[in-house]
Amino acid sequence: MPMNGKQILEAFIDYIESDSLKRKHWLRRVREAGFDQALSEYREKTSTKEMPLQM
């Protein structure tokens with residue numbers, strides 16, 4: 001089931017708070033591309049992990 005906006009935002013925050021390297025990477029991405037773009041990239045990254053391979 002896809003996450004709604006609030007859930008994806010909370011998951012993103014939890015993810016970047018879990019590790020200093022992740023935080024540094026994503027905060028740099030936010031500065032470069034903007035928050036909406038970085039969050040969209042995070043959503044794409046996590047949605048591909050959650051989806052099973054289709055054959």
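Biologist: What does the secondary structure of the chain come to?

Modeller: In this predicted model, the chain has 3 helices and 0 strands, and from the N terminus on its elements run α-α-α.

Biologist: And how much of the chain is buried?

Modeller: Of the 55 residues in the chain, 16% are buried.

Biologist: Let's take helix 1, then; which residues are buried there?

Modeller: The buried residues in helix 1 are I8, A11, F12 and I16, and they lie on the same side of the helix because the arc they cover around the axis is only 125°.

Biologist: What does the face turned away from that buried side carry?

Modeller: That face of helix 1 carries the exposed residues K6, D14 and E17.

Biologist: How do the axes of helix 1 and helix 2 cross?

Modeller: The axes of helix 1, residues 5-17, and helix 2, residues 20-33, come within 6 Å and cross at roughly 125°, and the two helices are therefore oblique to each other.

Biologist: Which residues meet there?

Modeller: From helix 1, F12, Y15, I16 and E17 meet K22, R23, W26 and L27 of helix 2; sorted by class, this contact has 5 nonpolar, no polar and 3 charged residues.

Biologist: Changing topic, what share of the contacts between residues at least 6 apart in sequence join residues at least 24 apart?

Modeller: Among those contacts in the chain, 40% join residues that are at least 24 apart.

How values were computed: Residues are numbered from 1 along each chain as its sequence is written. This is a predicted model: local features need pLDDT of at least 70, side-chain atom pairs count only at pLDDT 80 or more; totals for chains, interfaces and linings use all residues. Side-chain values use heavy atoms; hydrogens and water are left out. Axes are lines fitted to C-alpha atoms, for helices over the stretch in contact, and angles run from 0 to 180 degrees between N-to-C directions. Helices (H or I, at least four residues) and strands (E, at least two) are DSSP runs, numbered from the N terminus. Angles under 35 degrees count as roughly parallel, over 145 as roughly antiparallel, 65 to 115 as roughly perpendicular and the rest as oblique. Contact means heavy atoms within 4.5 Å. Ala, Val, Leu, Ile, Met, Phe, Trp, Tyr, Cys and Pro count as nonpolar, Asp, Glu, Lys and Arg as charged, and the others, Gly among them, as polar. Buried means under 20% relative accessible area, exposed over 50%, partly exposed in between (1.4 Å probe, protein chains only). The arc is that of the directions from the helix axis to the C-beta atoms.
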